[in-house]
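Student: Could we go through this structure together? I would like to begin with how its parts meet.
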Amino acid sequence: MMGRIDIRYMMFLVLLIIASACTDFLDEVDQDKLVPEKTDHYAALLLKEFNKEYPIFKTIDYMTDNMTEVDYALSDTKVSRKTVYTWQREIEIDEEGDELSSINRAWREIYEDIAITNYVIEQIDDADGEQEEKDYIKGEAYFVRAHSYFNLLNLYGQPFNDETADADLGVPLRTNIAVEQVYYRNTVRECYNQIEEDLTLATELIFNSGIEKSKWHPDVNTCNLLMSRVKLYQKNWEEAIDFATKVISNGSLARMNAANVFVTEDNTEILYSFYTLSPVFTSSSQTVTGYSSSPELYNLYQDEDARKVAFFGINTVGTAEYYITKKYSSDFTELGYGNYRVSEAYLNRAEAYAQLGQTGEAINDVSDLLQRRYSDMSVIEFPEAQAEVLDFILTERRKELCFEDHHRWFDLRRMENRPEIKHVFTLVNSSAQKYGVETYTLLSDDPNYTLPIPLQERENNPLIRNNERLEKLPVKENL
Amino acid sequence: MKILRFIFLFGILTWSGIVHAQTEKISISAQNVDIDYIFKEIRTQTSYGFFFNDDKVSAIDNITIQKENVTVKEVLDEVLKNSGYTYELVGDVITIKKGAAPQRQTVKQIMGTVVDEDGVPIPGVHVNVKNSGLGTITDIDGNFQIRIPDSFNALYFSFIGYEQQEVEIGDKRILNVQMKPQFEEIAEVVVTGYQVIDKREVTSAISTIEGDDLDEIGALSVDEMLVGKATGLMVSNVSSTPGAAAKVRVRAGSTFTGNQSPLWVVDGVIYEDPVPLSAAEINSFDNINLIGNALTGVNPQDIESINVLKDASATAIYGTRAANGVIVITTKRGKVGKPSISYQGSFSFVDRPRYTDMYLMNSKERIDLSREMYEKNLGTVSSYANLDYLGYEGALKQLWNGTYNFDQFQNQVSYLETLNADWFDALYQPSLQQQHSISASGGSDNMRYYFSVGYDDQQGPEIGVGLDRITGRSNLDLDITDNLLVSLKFSGSVQEAEYNHNSINVFNEAYYTSRTIPVYEEDGDLFYQSQEIYRRRDGTRIYGGYNVLNEIENSQRNITNKSFTISGNLQWKFLNNFRFQSQISYRNTTNMSEEYITEETFYISKLRTYFDYNDFDETSVANDAMVPFGGIYSGGMVDQKSTSITNQLNYNKVFNSKHVLNINLAQEARSTKFWGSTGWLSPGYNHSQGRSFIVLPAVKYTTDQSIVGLDVNSYEYKYMISWLTNAGGLDVYPSITDKVQNSMSVFGIFNYVYDNRYVLNFNLRSDGSNTFGQYERYKFKPVWSVSTRWNIHNEAFWNNDNVFEQLSLRSSFGFRGSMPNASPYLIISDYGKNDANYYSENIASLSQFPNATLRWERTGTFNLGLNYSMYNGRISGAFDYSYSKSTDLLQTRPISLVNGSAAYLYNSGSKDVQSYEFSIRTVNVKSKDFSWSTNLNFSHDKDRVLEGFEEATSQNLSVSDYLNGTVYTTGFPSNGFFSYQFDGLDESGLPTFKNLVDETGGSIDEHLKSVLKYEGSRIPLYYGGFGTELKYKSFTVSANFTYKLGYKTRLLKLYNGNQNMPYPYENVRAEFNDRWRNPGDEQYTSIPGLSDETLLFSNDPTSDNYVSNLGYVVPSGTSAWWMYDYSDARVVKGDHIRWQSFSLSYQVPSTISEKINVKNARLSLRMSNIAVWSLDKKLKGQDPEQVIGLGLPTLPNYGFSVNMSF
């Protein structure tokens, strides 16, 4: 006969069996779906979702002084990008009141990548694979998250201002995998802190893993380059110099030659390459959409500058010539359309030196870069006064990095007082007759330098604060 | 009372069957107790029984005793010392009586046999001596033997299910007793799947349907036989097609996006659906599930009883599976006795539908319609070429082109006017159904068995449809020892069904084909009408011959379901009060399906680009032929395995015979796996030549030396290649199912009964499951319920002369849940080296973010119920009121994009249901030869969405969801549906609608609200059944009715398709006879007139048919003609009463049946679905349960059945 103790013992045994069987049993998954298990699953996911389908704000350059309209193109053709080109208050609703559903999609796409990185960071430690591999992938995820928040912040957050950064609205920070119906915007400072924290972790993890991967993956240099950019944007000149120096001492510049493809696997100047799907511009699309590179930009390049031919092509329509960028063509890149290049480190450092008044060092850095770009350095006139040196460097930055990533727009946003820009829009009816010219102005320090939060976000998350922007009405001239 | 108590205890003793021994030793230790306590101790520790001559004996108290290992004698000597009582040991009975010296009692021995009404011995009958605690039970042969003191002179015999009988002993020493079965057999127990509860102690809302009630109908499937049988249970048969699953709801269900069907449990084993269909497919009243449901393969003849568990207290024990109610089926088990074989067979005949029920135009009316079309110079849509000169239009064409003179034309028209082709005759058949079932049952003391085999053959009312089913079951109960019971159950079934190809809608064909179109040519061949199959790139149109009978002849869909269930159950009683019970079950179902359509059909001609080889065109085949030769074959297989193990430890203790405590602690693990592949379609199927495939010719290599590779350009069947890509629209690749659902649970049931008056019950269960979100998985959130019952009739104050012999009040409150059906994992797809840019590295896409925080849906239910029975069971029934509130219902909700997606499955919706249920059963007359009983049940479920979809457009809901009632609108019933608002006819007889142009400038949602009108619920809010039964001598007549009230439905479409004018081969509903014909008619009729206006809508404000928010408010591509069918002008009340069944049965007198060696024989005539009375006259014969596009819900059935047992 079983006594009291025995029953208790039995129950204990049953509970023990339950507890031990529980974990495996309740973790079983459907086999008709792929649940990431191996480290490589996570690596593959990051590669596709961020590296390949890089969530760039596709009409970013239309807002800059690097782009201009094609005056003969029909208004109907140009209208789908007009809201951005003319810095409208609401960029997702066109003049006819129709919704342009994809124009402000970067917000959603970037946050999707952030969500992925959050899951990778959360789950990678439980994946099957070497610890080094896990460290590397986690590092890569931190890098992707930093890069993503950097983009988001500079698209949708207030421009950096050290005095007000603790109050200025940045973007909501989501660094875990909890799902909330609403999010509030963090401050610009909090956002930069998060970016720096992620970058520091990324650098450490990637370094400690000891793994070297292809150019499709960030390495320590890549992280340092982004960090120097992040510091530069915060006007932290010393640290910008420190990080740029790390990049420069570990990397080298390459000579640009219009006859050869510049971005290649072998080019040591390329640290990290990304963005291979659906380029912003294809050579055929540029004039067809009714916009092209601005002649003003094209004319900044001297004939001795290899970049003039390497970066630009010319489309001839009738008698008119239009400049088109080759940054998205296979003549320029064998890898992705977005690249981390050592040249940026030189420009970052030069700018920081110039800001600190160390014009000599600044000019040295620019000169190092231009040596790899010019066939004849003697045509360059290097300035000496600090303000001129700074201008010179910023112009070089514009020339070097044009049409890459979000560079030009972000650079304009961090310039002193944000320059005034004018965009002309020629009204052309369906029988190709020009009947008017509209001129829009993005004012100096214009609040429209910050993009509006997407409509869908405002609809789904009514508590989010939108950016206040001005109505943009044209000065109209009838023809 | 005291004596009774001892009898009760003595009964327990007798059961335990212990052999006495005078030498038995006991230990006893007590202080200040009464003598009852001592007696009880002796009884517990020994095999002695007591009886008293004087019941004052229990007044002896204040006894203190301390003995170790002594005989009973020693104890009694001590206890009765100085008490004035003495004792005597007679056999294993202790007699206590007053007096100094024990007098020698004379003892007599009585023997006898107890038999049932048929003379079969009954084992286990209690034989008790009146006014004593003595008794015994009969052995396996029904024999008993008892020695009793001479002074006792009566025995009574009792056995469950039989009337208690008292017999005077007199001088007799041999007593042979025949037991009479209890007339009104009340079910004693309720089975919940985990527990068997005494009906008098049930605290929950449970409807029980006994085998007898179920048997009456002779239904072929279990869900069908539940219609109108229980309160709170609504069953809708959406299709008369054999094998189609009914839609079953318990108290209106409790989820939006999850499966709303109840959980089915057969003998403690959860039956899952054989194929994991989406919840939307299962829930939708617009979808027939022919694939099979959980109950496919359960033979109704094997069912002993069905219990519908409705409230939280009843279902909480099923934890996260229970929110939509649980239906527990108990199958028959063997009873101790000689083997008994019974046969049940039925044959029935299902009538086909007829034009008289259809409210359609006859030939003459249809010709009149066409004539008006031509008089008004309207003609049919231009792309239709009436090549065959069909209908009035055809005759007219012949007249115009000179083939007919006017007389010939007149003759042809009058021929057509009287043609009245019978398409319902051609496409439906009066069908035969038969059903046979043989079972054997019986058993001895330590073994009981029930075996059965069943065979069903059902022909469908539609031609080409049929179903065969074989079922088998074996239930075996083995008493290994006195305290160890093992039950083994095996059951299996095979169901083979044959249906028509999914491209053929037989009902629509019969309904909407004009009666001026003959089915056959005069020579008996099929009549083919020419319809366009293909339009060449040069604009020439290619036609093919169409007759639906040819399509049916050359295509088929087969679905086979096999199921196989094993379960083993062990019950071990130990330490008097403990019982350990363990059940292991394994259930496997296989669903196999194939579907083919051959090249002989119009359907394939369309994919081939030509019908007749004369029309063969190489370029067309190369460029557009999806299936250049052969037909299409598709197939699939899904296998489902569920395994479960449940261990329960039960403690049952009676204290002071007033307190009954019952505790159940249990643990359960279950796993369900689905595995299979479905949905692939292969072209080139060659049915006639041995069911093989014609393989495509190989692609040749190029002859051009400069190009290396395959020459795809010169390949003959270029377009075929699109079959392999996602451009083809037909899926050559199967979709693989490989799913697993595991759950682990612990639960406890605590039950306390005081004096049969007060019952308190508490249930607690906690589940973990792999389908919960990753943070919720291990949290084992508990569900619980608490419930009480007050048996008022057992109260002392309740006068025994009261008319009520039972009156009990029940109340319960608790929670239950339903599991989310969404993945808790991050899912990726397209993993591999499939990008040239990253050629050496793998890439993968995000497929789905996990629903990491998904919780189960939770339903809290309060239930208040009353059970009553009065006038000795003449009137009985129950009332129930319940309020359920479901919260955390899963809904896709818009969320901040910061989460990485714009919408997310959220535990956010809520709804509530108030249910009122009432049932009454009366026995109006009860005499030897004649009895008459009636029953009625009524249920009202008032459900309401508390938090639903507020903004339709942001939820990707379309206006169709509103029209079909699949939108969960806050404040409305969950099946509430909407219509366009018909605004009368304009002066040209065209329909107009209100508010199509939004003048307020509000949002799309606001516009939708002003365009649509709320109609009501799509499913009945009030439902139930009533019936009556008359018995006169050997005859029994019964009739049952069901009713569904408080809902609305749409009339069938005026005519098929979306074009404004009917084609000559199409029929039109008869109300079109009252159509608008001349200006001014719009005053009198709301049926639009004939018009060639397409009435398509436009988003151009200058257009006549301008509608704002086109695409949202009106789906793009639809016209006002379509809207008319979805307007309030076509909505009617669905309220109806259905004469569900009528039966007349004759019990063959035993004097006759015994001559043919049959113990029991019954013959019955049966009819079901006899008639339906709709309250809304506008239905004009349309079955109110009929849904557009699904054919007929039910058809009359006339049958004959035989029941025999040997």
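**Interfaces and one residue in a predicted model**

Tutor: Please keep in mind that this is a predicted model. Across the interface of domain 1 of chain A and domain 2 of chain A, the rule finds zero salt bridges.

Student: Which residues make up domain 1 and domain 2 of chain A?

Tutor: The domain assignment places 1-58 + 105-211 of chain A in domain 1, and 73-103 + 418-479 in domain 2. Their contact involves 16 residues from domain 1 of chain A and 19 residues from domain 2 of chain A. Taken over C-alpha atoms, the centres of the two domains are separated by 36 Å.

Student: What area do domain 1 of chain A and domain 2 of chain A bury between them?

Tutor: They bury about 1500 Å², with 59% of it on carbon and sulfur atoms. Eight residue pairs, both at pLDDT 80 or more, are in polar contact across this interface. On the side of domain 1 of chain A that touches domain 2 of chain A, helix H4 (106-123) and helix H5 (131-156) of chain A are the elements that give two or more residues. By class, the residues of that side of domain 1 are ten nonpolar, three polar and three charged.

Student: Now the chains. How many salt bridges are there between chain A and chain B?

Tutor: The count is two salt bridges between chain A and chain B. One of them joins Asp32(A) to Lys739(B), with the closest N and O atoms 3.4 Å apart.

Student: Which elements of chain A give two or more residues to the side that touches chain B?

Tutor: These are helix H1 (4-27), helix H2 (39-52), H4 and helix H16 (455-460) of chain A. That side of chain A has 30 nonpolar, twelve polar and 16 charged residues.

Student: And the area buried between chain A and chain B? How much of it do carbon and sulfur atoms give?

Tutor: About 5300 Å² is buried, and carbon and sulfur atoms give 63% of that area. The contact takes 58 residues from chain A and 56 residues from chain B.

Student: Changing topic: where is Thr471(B)?

Tutor: Thr471(B) is in strand S25 (residues 466-481) of chain B.

Student: Why is Thr471(B) classed as buried?

Tutor: Thr471(B) is classed as buried because its relative accessible area is 4%, and the cut-off for buried is under 20%.

Student: What does the side chain of Thr471(B) make a polar contact with?

Tutor: Its partner is the side chain of Asn299(B), at 3.3 Å. Leaving aside neighbours within four places in sequence, the residues in contact with Thr471(B) include Gly297(B), Ser452(B) and Gly492(B).

Note on methods:
Residues numbered from 1 in each chain as written. Chains lettered and ligands numbered in written order. Predicted model: local features only at pLDDT ≥ 70, side-chain atom pairs only at ≥ 80, totals over all residues. Heavy atoms only, no water. Domains from an automatic or database assignment. Contact = heavy atoms within 4.5 Å. Buried area = accessible area lost by both parts, 1.4 Å probe. Salt bridge = Lys/Arg side-chain N within 4 Å of Asp/Glu carboxyl O. Polar contact = N/O pair within 3.5 Å; in protein donor to acceptor, adjacent residues only side chain to side chain. Helix = DSSP H or I, 4+ residues; strand = E, 2+ residues; numbered from the N terminus. Nonpolar A, V, L, I, M, F, W, Y, C, P; charged D, E, K, R; others polar. Buried < 20%, exposed > 50% of the residue type's maximum accessible area, 1.4 Å probe, protein only.
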